[in-house]
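Here are my notes on the model you sent.

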Amino acid sequence: MSCLREIKRLKEGIVYIGELPEGCKICLEGGKLVLFITGLCNEKCWYCPINPAKRKDVIYANNRLVNKFEDILKEAYLMDAEGTGITGGEPLLVKERLLFFIKNLKKHLGKEHHIHLYTNGRLLTKAFTRELKYAGLDELRLHPISLNDLKKLAWVKEIGIDVGIEVPIIPGPRMFEYYNRLFLLAEKYGASFINMNELEFSEGNYSALRLRGLSLKPYSQIAAEGSEELALKIVDWAKENLSINIHYCAANVKDSVQFKERIKRIARKVRRKHEEIDEDGLLVKGVAYFNTQTQIKPILRSLLKEEFHKELIIINDDRRRLEFHISLLDKILKADSLVNFTKIGILRKYPDRDLEVEFIPIK
C-alpha cells in the first residue's frame with residue numbers, strides 16, 4: 001500500500017496522480033497524430049464508440065481517410081506531429097501493416113517521434129511484442145477484456161516497452177469494486193500507468209448504453225452520467241492504494257484541448273500573412289467577393305496605390321474574391337472601388353481543409 005499522494009488537476013478535465021504518460025503529454029499539446037489503422041476487431045464490446053461506417057478495414061489519419069503511407073506522412077508533417085497514437089478496431093489484426101507503419105514513422109519522423117499503441121491484447125504474444133519493440137514502439141496501452149489479460153503486462157514491461165492499461169469508466173453497481181481489483185492487478189503485473197476515460201455516447205453505442213440504463217450527463221452531448229463521479233472516486237481511492245500513475249480524462253478533452261491544440265499547430269504552419277489565428281485555431285481573414293475576373297485587377301491596383309502591404313491582400317481566383325488582413329477592413333470599406341464588390345465580410349475557416357466555418361457580412 002502506498003502513502004497518501006497528491007491529486008493534480010488541469011482545468012481542461014484532466015485529473016491525475018503521479019505523472020501523465022508520455023503519450024498523453026504530447027496529446028494535450030496537440031502533437032499526436034491519431035492513426036486509426038483498421039476498423040476490424042476481434043471483440044464486440046457493447047460500449048465501443050466506433051462509428052458503424054468505420055467498422056471495416058479502413059485507415060484514417062486524424063479522421064481523414066487515407067489510402068497509402070505517404071498520406072499519413074503528409075498529415076504528420078502538416079501538424080508537425082511529435083508522436084502518433086495507433087488505434088482501431090484492433091490493430092493486431094493487421095500485424096504487418098502495424099509493424100510497417102511503426103518502422104516507417106520512426107524512419108521518416110525520427111527516433112524521438114513517440115508512438116503508442118492501443119490494443120485489447122488478445123492476439124499479443126511474446127514474440128510479436130519483441131517485434132513491436134524492434135520496430136520502435138514506445139508505449140503500449142492495454143484494454144483488458146478479462147483479468148487474465150493483465151498477465152501480458154509483465155512480459156511487455158520485461159521486453160522494454162512502457163506499458164499501462166486504458167479503460168472507459170462504466171458506472172453501475174459493484175463497478176467501483178471491479179475497477180479497484182482491476183487496477184491492483186495491473187500494478188501487480190507491471191503497469192506503469194492507468195488511464196481512465198469518461199464513458200462516451202456515440203452513434204456506434206448509443207442504443208447499447210441506453211438499453212443498460214445509462215443517460216447523458218447534464219449539459220453534455222457525449223458524456224455518460226455517473227462516469228466522471230465514479231472515476232474521481234477511484235482517483236481518491238488510488239491515493240492510498242496504488243503506487244503507479246493514474247489519470248482520468250474527461251470526454252470534452254478531445255475537442256476542447258486535443259483537437260483545438262492540433263488545429264492551432266496546423267494553423268501556425270500554413271497561415272499566410274493576410275490571415276490571423278483565433279483562439280480556436282481557425283484562420284480569420286477579410287474577404288470581398290466580385291462578379292467577374294475583369295473587375296478585380298483594376299480594383300486591386302487601386303487599393304495597392306493606397307499603400308496596402310502586398311502580402312496582406314491577395315486575389316483568390318478560384319473563389320472569385322479578394323482576401324485581406326482584417327486590419328485593412330476599414331480601408332477596404334472606404335475605397336472608391338467598393339461598389340464593384342458584391343459582398344464584404346470576415347471569414348473563419350479550418351486551416352487543414354477547405355471548410356469555411358463562418359462568414360460575418362459587413363456590407
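1. Contact here means heavy atoms within 4.5 Å. The model is a predicted one. By that criterion, Phe69, Ile72, Leu73, Ala76 and Tyr77 of helix α2 meet Phe100, Phe101, Asn104, Leu105, His108 and Leu109 of helix α3. The residues of this contact divide into 9 nonpolar, 2 polar and no charged.

2. As for geometry, α2 covers residues 69–78 and α3 residues 95–109; their axes come within 11 Å and cross at roughly 45°. The two helices are therefore oblique to each other. Their crossing is right-handed.

3. Nonpolar side chains tend to be buried together in soluble globular proteins. In this model the largest nonpolar core has 79 residues. Those with the most contacts inside that core are Ile72, Leu132, Leu140, Tyr179, Phe183, Met196 and Ile234. Helix α6 (residues 175–188) supplies the largest share of the core, 7 residues.

4. Which residues does leucine 140 contact, leaving aside its neighbours within four places in sequence? They are Leu117, Thr119, Leu124, Leu132, Val156, Ile161, Asp162, Val163, Gly164 and Phe193.

5. The C-alpha trace spans about 75 × 45 × 40 Å along its principal axes. Of the 363 residues, 52% count as buried. Among contacts with a separation of 6 or more, 68% are between residues 24 or more positions apart.

Notes
Residues are numbered from 1 along each chain as its sequence is written. This is a predicted model: local features need pLDDT of at least 70, side-chain atom pairs count only at pLDDT 80 or more; totals for chains, interfaces and linings use all residues. Side-chain values use heavy atoms; hydrogens and water are left out. Axes are lines fitted to C-alpha atoms, for helices over the stretch in contact, and angles run from 0 to 180 degrees between N-to-C directions. Helices (H or I, at least four residues) and strands (E, at least two) are DSSP runs, numbered from the N terminus. Angles under 35 degrees count as roughly parallel, over 145 as roughly antiparallel, 65 to 115 as roughly perpendicular and the rest as oblique. A crossing is left-handed if the near helix is turned anticlockwise from the far one by less than a right angle, and right-handed if clockwise. Ala, Val, Leu, Ile, Met, Phe, Trp, Tyr, Cys and Pro count as nonpolar, Asp, Glu, Lys and Arg as charged, and the others, Gly among them, as polar. A nonpolar core is a set of buried Ala, Val, Leu, Ile, Met, Phe, Trp, Tyr and Cys residues joined through side-chain atoms within 4.5 Å. Buried means under 20% relative accessible area, exposed over 50%, partly exposed in between (1.4 Å probe, protein chains only).
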